[in-house]
Amino acid sequence: MKYLIAGLGNIGEEYQDTRHNIGFSILDALAKVSSLAFISGRYAHSCELSVKGRKLILIKPTTYMNLSGKAINYWLQKENIPVENMLVILDDLSLPFGKIRLRDKGSDAGHNGLKNIQEALGHNNYSRLRFGVGNEFPRGGQVDFVLSKFNNDECKQMPDRINLAIDAVKIFALMGITAAMNQFNNK
């Protein structure tokens with residue numbers, strides 16, 4: 001069985017390790033612990049990971065956050081992966097730092113990456129893992145906040161929180177979204 005795991009973010013050094021790029025960071029960590037390297041491909045950097053007989057295609061779209069749907073739609077078709085075997089990993093301002101929340105469908109909640117994916121797919125019935133990046137910014141400061149780097153306290157906690165997200169990705173592939181939600185949504 002094949003799965004598409006799409007981490008959302010923006011390409012370019014200026015976006016590396018920012019809150020908005022947590023999807024990229026989680027996939028980078030997963031690839032690193034698996035001794036894998038991403039290669040450049042059409043609309044995304046990708047690599048393949050095997051988890052107990054499941055083939056996970058990890059992608060980091062190179063289309064920028066607001067056009068993530070183009071890359072995701074292409075890779076779903078290229079790899080012939082059903083949408084129910086796709087998990088999108090993204091930042092979430094409404095969750096406290098490091099909290100993860102998995103859902104099997106839902107609204108875009110104002111997230112431009114999700115908005116574009118919904119437009120590309122024609123629906124919002126796909127699984128997502130939202131990673132809390134906090135919301136400590138002044139009114140009107142949302143854009144600057146999501147494009148900022150994590151503070152020192154958050155950086156100290158980051159490895160444990162990223163490992164939790166990696167475990168959730170693996171459970172999604174092995175046992176499905178419901179099992180992943182039951183196991184990780186309260187952690």
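**Salt bridges and helix packing in a predicted model**

At 10% relative accessibility, Glu 154 counts as buried (buried means under 20% relative accessible area, exposed over 50%, and partly exposed in between, with a 1.4 Å probe and protein chains only). This is a predicted model, so local features need pLDDT of at least 70 and side-chain atom pairs count only at pLDDT 80 or more, while totals for chains, interfaces and linings use all residues. Residues are numbered from 1 along each chain as its sequence is written, and side-chain values use heavy atoms, with hydrogens and water left out.

Glu 154 has its place in helix H5 (helices are DSSP runs of H or I with at least four residues, strands are runs of E with at least two, and both are numbered from the N terminus). Setting aside neighbours within four places in sequence, Glu 154 is in contact with Arg 19, Phe 97 and Val 133, where contact means heavy atoms within 4.5 Å. With Arg 19, the side chain of Glu 154 meets in a salt bridge at 2.8 Å, N to O (a salt bridge is a side-chain nitrogen of Lys or Arg within 4 Å of a carboxyl oxygen of Asp or Glu). Arg 19 sits in the loop between E1 and helix H1 (22–33) and Glu 154 in H5, so the pair ties together parts that are 135 residues apart in sequence. Arg 19 is buried too, with a relative accessible area of 4%.

In total, the structure holds six salt bridges. Another of them pairs the side chains of Glu 79 and Lys 2, at 3.0 Å from N to O. Here again distant parts of the chain are linked: Glu 79 is in the loop between H2 and E5, Lys 2 is in strand E1, and the two are 77 residues apart. Glu 79 counts as buried at 10% relative accessibility, whereas Lys 2 is partly exposed at 27%. Glu 79 also forms a salt bridge with Lys 78, with the closest N and O atoms 3.2 Å apart. Lys 78 is partly exposed, its relative accessible area being 46%. Through shared partners, Lys 2, Lys 78 and Glu 79 are joined by salt bridges into one network.

Next comes helix H2 itself, which covers residues 68–78. Its buried residues are Ser 68, Gly 69, Ala 71, Ile 72, Trp 75 and Leu 76. Looking down the axis of H2, these residues fall within an arc of 160 degrees, so they line one face of the helix (the arc is taken over the directions from the helix axis to the C-beta atoms). They pack against strands E1 (2–7), E3 (44–51), E4 (54–61) and E5 (86–92), and against helix H3 (112–121). H2 is followed by Asn 80, which has a positive phi, near 55 degrees.

Back at H5 (residues 152–175), the helix axis comes within 7 Å of that of H6 (residues 177–184), and the two cross at roughly 150 degrees (axes are lines fitted to C-alpha atoms, for helices over the stretch in contact, and angles run from 0 to 180 degrees between N-to-C directions). On the H5 side, the contact is made by Leu 164, Asp 167, Ala 168, Ile 171, Phe 172 and Met 175. H6 brings in Ile 177, Ala 179, Ala 180, Gln 183 and Phe 184.
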